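Student: Before we turn to the details, could you guide me through reading a single residue in its setting?

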Amino acid sequence: MFLLNPNSGVPLYVQLQQQFQQRIISGQLKHGTQLPSVRELSAELHINPLTVTKVYQILEREGFVETKRGIGTYVSHQSPGLKMDARRAEIAPVLEQLVVEAIHLGLSENEIQSLLSDKFRQFKSKTKN
C-alpha cells in the first residue's frame, strides 16, 4: 500500500518514487519481485498512468528496477539492497527538511522526537490492519 498526499507540496511522482526506493532498500520489495503494471498502480492510486511511467523510468535509471518489454518491471538484482548507508542517504533530505521546519516553528528536539514517535506508532498500527 502506497500513501500519497496531494496536499504535501511534494509532487506525487516524487512521493511514489521515494516509497518504492525505501521498500527496495529496506528489503520489503525483494530482488526479482514484479511491480504492479502501470495501469494497475495508476488505477489503485487514482493517479495518471504517465506519473507511474515516470516513476518506473526514474527507478530504472537509478538501478532499482529493470523493465522487460512485454513482461513487466522487476526489482533489480543490482539494487542497493539493505545497506545502512543507502537507507540513511535516502532519508537524509526528509530529515533535513523536518529539522528546518521545526526550527522555524520553534519546536524543540524533544518535541520533534515525540511527534516522530507518535507518527511511527500511527503508521505501524495502520499497516497491521
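**A residue and its surroundings**

Tutor: Gln-15 counts as buried because its relative accessibility is 9%, where buried means under 20% relative accessible area, exposed over 50% and partly exposed in between (1.4 Å probe, protein chains only). The model is predicted: local features need pLDDT of at least 70, side-chain atom pairs count only at pLDDT 80 or more, and totals for chains, interfaces and linings use all residues. Residues are numbered from 1 along each chain as its sequence is written, and side-chain values use heavy atoms, with hydrogens and water left out.

Student: In which helix is the place of Gln-15?

Tutor: Helices (H or I, at least four residues) and strands (E, at least two) are DSSP runs, numbered from the N terminus. Gln-15 belongs to helix H1, residues 12-26.

Student: What does the side chain of Gln-15 reach at 2.7 Å?

Tutor: A polar contact is a pair of N or O atoms within 3.5 Å; within protein, one must be able to donate a hydrogen and the other to accept it, and residues adjacent in sequence count only if both atoms are side-chain atoms. Here the Gln-15 side chain reaches the backbone oxygen of Val-10. A polar atom of that side chain also lies 2.7 Å from the backbone nitrogen of Asn-5.

Student: Which residues does Gln-15 touch, not counting those up to four places away in sequence?

Tutor: Contact means heavy atoms within 4.5 Å. On that basis, Gln-15 touches Leu-3, Leu-4, Asn-5, Ser-8 and Val-10.

Student: How many helices and strands does the protein chain have?

Tutor: The chain has 5 helices and 2 strands, in the order α-α-α-β-β-α-α along the sequence. Of its 129 residues, 27% count as buried.
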